[in-house]
Each structure stands twice: as structure tokens, then as C-alpha cells.
Amino acid sequence: MAPIMVCLILAFHQCAPKQAKPFTQMALGWILAAAAFTTVVHFVLLTVARHIDPATFPGYARIFGWQWPSTFYAIDIGAWNVFFGLALLFAIPAFAHRGDATLVRRGLTLSGSLCLIGLVGPFANVIALRTIGIVGYTVVFGLTCLPLSRTFNAGPGRANSGAR
């Protein structure tokens, strides 16, 4: 999924009007960080952690475990809640001058904001509050992709309007 996320933000950047390019370039940087961190976390968990006997590795759960607090869990939270959330917020200007993209702008704003608000869970040590961020990057972002697809499917003339 990480390469698809990067390609999506790259498409935002490519179609963005000139004045939005610095913002979408930042969005691209944040999504690259999100993709890199989540990919490394899951690669290590699937290749290294599964071959280590937790009974013989002191602190295994605090490093590789998927219950809070855990190092790899915290890194993945950073990828999704911080980096993905910031990527969505920095992508908003790509749709600023598109009248047909109001739902896209609102969806990106809500999704990115919920991702960041979800950080209250780990900081307060009430990991259930992380659900706020999960709703942001799963449900809200998923729903945002519907009007986003209509915006991109508007045709080449409309998809690049404002990109001059």
C-alpha cells in the first residue's frame, strides 16, 4: 500500500497549480517518510521478529510487540498519525482553486486533522484514544477518495484547470 500512497500524493503534486507546488512537495516528503517508516516496521516484524523466541529475548514485547507501549508500534503510529496526517494537510492546496473539489479539501482536512488528534492516545497513555487517528486515515480518508476519484476523472481539461 505504501507505493500507492506515494503515487497518489505524486499525482496531487503533478496536477497542482504552480502556487501550490511547494505545499504538495512537502506533502510528498511527508508521505515518503510515512511509507518508509511503515514499510521498515512491517518488514522487520515479518522477517526478523518472527524468528526470535520472545521467551529468550528480554524486552521483546517492548521492542517488537504490538501492544502499547512498544517501540515498533510507536514508530508505526508516527508514520500514520504524524507523517500521513501532515501529508494530507499539505496536499490541500493542490485543490484550492478547484470549485468541484470542495469535498476533497474538506475530507483531506478532516482526515489529516484526525490523524494528528489521534496522537493524544499515545501521549496520554490511553491508547484507545488512538482510534481517533485510525478513523482519520481509514474511514475518513477512504470516503475522501470517492470525491477525489471524481475530481481526477473529470477529464484532462478540468483535471488540470488551474495548473497553468
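1. Buried here means under 20% relative accessible area, exposed means over 50%, and partly exposed lies in between (1.4 Å probe, protein chains only). The model is predicted: local features need pLDDT of at least 70, side-chain atom pairs count only at pLDDT 80 or more, and totals for chains, interfaces and linings use all residues. Residues are numbered from 1 along each chain as its sequence is written, and side-chain values use heavy atoms, with hydrogens and water left out.

2. Cys-115 sits in helix α5 (residues 102–117); helices are DSSP runs (H or I, at least four residues), numbered from the N terminus. Cys-115 counts as buried because its relative accessibility is 0%. Leaving aside residues up to four places away in sequence, Cys-115 touches Trp-80, Asn-81, Phe-84, Gly-85, Gly-133, Gly-136 and Tyr-137, where contact means heavy atoms within 4.5 Å.

3. Trp-68 and Pro-69 are joined by a cis peptide bond, with omega about -5 degrees. Pro-69 lies in the loop between α3 (60–64) and α4 (71–91).

4. The loop between α6 and α7 holds Asn-125. Asn-125 is not a glycine, yet has a positive phi of about 60 degrees. Its relative accessible area is 54%, so Asn-125 is exposed.

5. Leu-129 is in the loop between α6 (120–124) and α7 (131–152). Leu-129 counts as partly exposed because its relative accessibility is 34%.

Terms used. Helices (H or I, at least four residues) and strands (E, at least two) are DSSP runs, numbered from the N terminus.
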